[in-house]
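Hi,

Here is the structure I promised to pass on.

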Amino acid sequence: MDSIEIKQIRKIDEEPSLWKLLLSADPSKELIEQYLPASKIYVALLNRKIVGEYVLTTISSDVLELKNIAVDENYQHQGIGKQLILDAIHKAKEEGVKKIEVGTGKDTFQQSLYQKCGFQIIGIDKDFFKKHYKEEIIENGVTVTDMIRLAINL
Ligand code: COA
């Protein structure tokens, strides 16, 4: 599939239409509601339509975490996810923090995607998804239980 170049990524306030995307990246509404107040939401716009989003959460004065990222399923596999991750790294640099972190399912394509964008593994949170999510998280037919933690020093 050809790639789509996103020309506009901008910060917006929380709005109901975002929840489908937010929940596709993180099925726990409770956890999303916990991190949104300390976060900024950015959306990718294509002809004024929101086709993707990411959430940058302040962890400390030096650290931001990419807590949530999703692309509308009709627009996936066209390079938008990668553009959003690279934009998040750029925004974190602009904010002047020292580090950007992310957590994702161990051994998933998402882990590889973050690594392709420059993230390096800093740790593993054993059984994170088992402990914090009611429903099983399944990626490519495999149940994901451990969270892999990655970061980039900026
Ligand atoms: N299986 C395997 N690899 C995949 C994949 C899949 N389902 N989807 C994307 N990739 C790979 C691509 O092959 C591409 O690799 P390349 O750069 O070597 O060609 C890379 O990931 C980037 O693909 P891209 O087109 O930029 O990603 P996307 O726009 O489809 O968005 C997600 C990626 C993760 C944001 C999107 O799949 C999504 O919204 N998923 C649901 C929510 C989610 O899982 N969020 C992440 C939580 S950690």
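Let's start with helix α4, residues 109-116, whose buried residues are Gln110, Gln111 and Tyr114. Buried here means under 20% relative accessible area, with exposed being over 50% and partly exposed in between (1.4 Å probe, protein chains only). Helices are DSSP runs of H or I with at least four residues, strands are runs of E with at least two, and both are numbered from the N terminus. The three residues span an arc of only 105 degrees around the axis, so they sit on the same side of α4. That arc is taken from the directions from the helix axis to the C-beta atoms. As a reminder, an α-helix has 3.6 residues a turn, so residues three or four places apart point the same way.

Before going further, the ground rules: this is a predicted model, in which local features need pLDDT of at least 70 and side-chain atom pairs count only at pLDDT 80 or more, while totals for chains, interfaces and linings use all residues. Residues are numbered from 1 along each chain as its sequence is written, and side-chain values use heavy atoms, with hydrogens and water left out.

What do the buried residues of α4 pack against? Their partners are α3 (80-95) plus the strands β4 (63-71), β5 (99-105), β6 (120-125), β7 (138-139) and β9 (147-153). Contact means heavy atoms within 4.5 Å. Gln111, in helix α4, counts as buried because its relative accessibility is 8%. Not counting residues up to four places away in sequence, Gln111 touches Thr104, Gly105, Lys106, Ile121 and Ile148. Just after α4, Gly118 has a positive phi of about 110 degrees.

For context, most residues other than glycine have a negative phi. Arg48 is in the loop between β2 and β3 (49-58), and at 81% relative accessibility Arg48 counts as exposed. Asp127 lies in the loop between β6 and α5 (128-132) and is partly exposed, with a relative accessible area of 27%.

Over in strand β2 (residues 39-46) you will find Leu45, which counts as buried at 11% relative accessibility. Leaving aside neighbours within four places in sequence, Leu45 is in contact with Ile6, Gln8, Arg10 and Ile50. From Leu45 to Asn68 is 23 residues in sequence and 17 Å in space, C-alpha to C-alpha.

Now the whole chain. The protein chain has 5 helices and 9 strands, in the order β-α-α-β-β-β-α-β-α-β-α-β-β-β along the sequence. Its radius of gyration is 15 Å, close to the 15 Å that the globule rule gives for 154 residues, so the chain is as compact as a globular protein of that length. That radius is taken over C-alpha atoms, and the rule is 2.2 Å times the number of residues to the power 0.38. Along the principal axes, the C-alpha atoms fill a box of roughly 40 × 35 × 30 Å.

Buried residues make up 45% of the 154 in the chain. Of the contacts between residues at least 6 apart in sequence, 64% join residues at least 24 apart.

Cheers
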